[in-house]
Amino acid sequence: MTPLASTVVDLARVQFATTSLYHFLFVPLTLGLGPIVATFQTLWYRTKDEKWLRLTRFFGTLFLINFAIGVATGLVQEFEFGMNWSVYSRFVGNVFGAPLAVEGLAAFALESTFLGLWIFGWDRLSPRLHLATLWIAVVGTWLSAYFILVANSWMQHPVGYKIVDGEAQLTSAWALLSNDFALRAYLHTILAGLIFGSILVLGVACWHFLRGHDVELFRNAAKVALIVAVPVTLLQLVVGNRFGEAVTSQQSMKIAASEAQWDTCQPCSFSLFQIGGFSEDDQTPSFSITIPRLLSYMATGSFDGQVQGLTELQRQEERKYGRGNYMPNIRVIFWSMRVMAFAGVLMFLVAALGAWLYWRKKLERARWFHWTALVAIALPYIAASAGWILTEMGRQPWIVQGLLKTSEANSPSVSTTSLGISLGVFIALYVVLGVVDFVLMRRYARPDRPASQEEMPEPAVSY
Amino acid sequence: MDLQIFWFVLIAGLWSAYFLLEGFDFGVGMLLPFLPKDERERSQMFATIGPVWDGNEVWLVIAGAATFAAFPAWYGTMFSGFYLALLLVLFFLIIRVVSFEWRDKSGSSRWRAVWMWANAAGSFGASLIWGIGLSNLLYGLPIDSNGDYSGTFWDLFSGYTVLGGVTIVLLFAFHGSTYLTVRTTGDLCARAAAAARRLSVVAALVLAGFLSWTVAVAVDRNDKDVFPPILPAALAIAAVVLALVFVFARRSGWAFVMTALATVLWVATVFTSLYPRVMVSSPDFGNSLTVDGASSAHYTLVLMTVVAAIFVPLVLLYQGWTYHVFRARVGGDEVETPPLAPASGGSG
């Protein structure tokens, strides 16, 4: 590989990483806040109690501000495959294009159209129908996530295809849709979404407690948030762990890298923290805190399971695919896995503490917890970003596991200059969007906002 | 029917749906700096497209993904070849998307002006580049024997393709003005009708010129006979001329139908002129991408056909219902129009 080519591939990778991580800051909140807002509106529909309407409108506004960037940045993702990865696109189009097209037709159309109806339909639709439009939009967002993850999971664990004339062709739609990897990733993602939504609602409610503003109203919001957050954060720890087991059998290198496990071991201890041990020349950490047998359990489901080491896997891969380096960046993978897992545990603790305080009727007065919950809004963002870094960088050097290398998949016709320009444009644009989004979210979430601004835009005239 | 041809036609149909629908909301966006005389009217213009623009843009996502699934080689070459042009499209679409959601989040007049201009610039820029881009598929671009684009950004600009861009800007502005005449009331509606009259003359002339040139390009550069490309081209010209007649006859409902028809027939002319190729290569004509060469295998096409047969009608159905829900004209006192679209709207 010439140095120039590697620069092109590197730039294309940086661009994809930047735009997709950014996109995924907004997507999970859409997935999780949608059903919570719909729950508020359902409670209003059932009880006719004004407080639920106020909460619907309050969090509905936050939902929409966030949704807009999700849509705008999602378009970039669809275009980017062809723009930066034309060789990849030709290779996988038969298989990978199908779920993307189905996503557009069956899911994205649903969420976009029905969300438009919900935003502007307050006085045009019957309350029942209006409530239905939001739930349908939520179903659209959940379907959308499924089809996108089906596509992504095929890159991690290709199924239902054959290679003909150097391109992958689909042989079984069912295999593609029921890909074990996709189903696990989907559950993991939906739970992540619900964590985003519930932690945000909890944090915003605590902000209001902190200022003593509308405490009565936001106690209801906090209650719903906690009912979601406690079981979901706990379940996510289990699901994330089981997901790891699937990865062990389908992407052994990723798991070995996420543990910086150089030698095959049985039983294997799990390293909570370590200094050093991340490169071939320095395989033994100079300092580490480990829990015996935990890695065996996490990777195989048995406290006595065997985990293959990096050295052995590297040798296997070379036998199979020829000479080359088949290890991802060990240090990044090791730490992204831990950041995700530690953040996951922290979020469970925050939720559990909140529930305990609520049960003891102390939630509105525990100022230290209000600050904690407010800061905890950042945790799901950190966890989800780390999770995607683990998933995508852990697959390297492959773009499609075992079938196509990232270094051979970029667009030959796109120069470093073009890539540089587009990367600059995206970064500049995304920074501006991010700042405006943050300012707006903060303004519409803050406790001391004049009550008149609390309302979502009424349709038509006040738009 | 051969599935590859079916998908070529369907993708033409998806682009038509996209341009027909987003065409008018691009048009409304472009007219934002010119038509309204105050903030209230500006809000009314936003309100005519507010509930539907996102649903309209869905057709772009579907058209793009359908191209990826049904013609991976076309998708790969086109999207990497049009790299900087598509970057610009994304830029324009993104500032436009957020302008819809963010404009009303503050009462500050400067804030509102910023997002109004973002919407106008985004609508104008995206229309211009779509016009240039689609014209290039037919006009021909340097493609090497691997099917990769071998030109530069500047190769996208020629007299013909730039005229294509200008044509689409004018056509969409015209389409947007006829849309406004059926969706607004009073003074704003009268000004939209006046704008439609002015735009109709220019749009009709330029579109007629551009489509005639398109037929010539199809013959010269894509080895086509005059027939069939002349057929959709002639119908498109007829539609835009009828639109002009209806605009002056104050039959705004029919004028809108005709600008919609002209938009669809413009896409039809481009795709009819392309077939059996999907991207013409110039100067090495032999490297052109064809429907046969660029398509997915049979299994994927069958699968996608089943999916499209179920979902395209379904999406059309619920989007149609959305237009029905928001059929009332946007005006000071929210006058309800009769359930069926008015044949002769416009008070002006």
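Buried residues make up 62% of the 348 residues in chain B.

**Build of chain B**

Chain B contains twelve helices and two strands. Along the sequence these elements follow the pattern α-α-α-α-α-α-α-α-α-α-β-β-α-α. The radius of gyration of chain B is 20 Å, close to the 20 Å given by the globule rule for 348 residues, so chain B is as compact as a globular protein of that length. Taken along the principal axes, the box filled by the C-alpha atoms of chain B is roughly 60 × 40 × 40 Å.

**Contact between the chains**

The contact draws 60 residues from chain B and 59 residues from chain A. On the side of chain B that touches chain A, five elements each supply at least two residues: helix 2 (39-49), helix 3 (53-70), helix 4 (72-81), helix 5 (83-102) and helix 12 (298-325). Which helix of chain B gives the most to that side? Helix 12 of chain B does, with 13 residues. By type, the residues of this side of chain B divide into 41 nonpolar, 13 polar and six charged.

**Confidence**

For the complex, the predictor gives an ipTM of 0.88 and a pTM of 0.91. The values for each chain are set out below.

| Chain | Mean pLDDT | Residues at pLDDT 70 or more |
|---|---|---|
| Chain A | 90 | 96% |
| Chain B | 90 | 95% |

Where pLDDT is low, the predicted coordinates should not be read in detail.

**Helix 11 of chain A**

Helix 11 of chain A covers residues 330-359, which makes 30 residues. At 1.5 Å a residue, helix 11 of chain A should span 44 Å, and its end C-alpha atoms are 44 Å apart, which agrees. Just after helix 11 of chain A comes A:Lys361, with a positive phi of about 60 degrees.

**Strands 3 and 4 of chain A**

Strand 3 of chain A pairs with strand 4 of chain A in the antiparallel sense, over five bridges. Which residue of strand 4 of chain A is the bridge partner of A:Phe273? The partner is A:Ile289. Strand 4 of chain A (residues 287-291) has five residues, and the number buried is zero, so this strand lies largely in the open.

**A:Glu259**

The loop between helix 8 (252-258) and strand 3 (270-275) of chain A holds A:Glu259. Is A:Glu259 buried or exposed? A residue counts as buried if 20 or more other C-beta atoms lie within 10 Å of its own. A:Glu259 has 24 other C-beta atoms within 10 Å, so A:Glu259 is buried. Leaving aside residues up to four places away in sequence, A:Glu259 touches A:Ser271, A:Leu295 and A:Phe334. A:Gly104 is 155 residues apart from A:Glu259 in sequence, and the two are 38 Å apart in space, C-alpha to C-alpha.

Key:
Residues are numbered from 1 along each chain as its sequence is written. Chains are lettered from A and ligands numbered from 1 in the order in which they are written. This is a predicted model: local features need pLDDT of at least 70, side-chain atom pairs count only at pLDDT 80 or more; totals for chains, interfaces and linings use all residues. Two residues are in contact if their C-beta atoms, placed from the backbone, lie within 7 Å. Helices (H or I, at least four residues) and strands (E, at least two) are DSSP runs, numbered from the N terminus. Ala, Val, Leu, Ile, Met, Phe, Trp, Tyr, Cys and Pro count as nonpolar, Asp, Glu, Lys and Arg as charged, and the others, Gly among them, as polar. The radius of gyration is taken over C-alpha atoms; the globule rule is 2.2 Å times the number of residues to the power 0.38. A residue is buried if 20 or more other C-beta atoms lie within 10 Å of its own, exposed if 12 or fewer, and partly exposed in between; C-beta atoms are placed from the backbone. pLDDT is the predictor's confidence in each residue, from 0 to 100. The expected span of a helix is 1.5 Å times one less than its number of residues. Two strands pair if DSSP finds at least two bridges between them.
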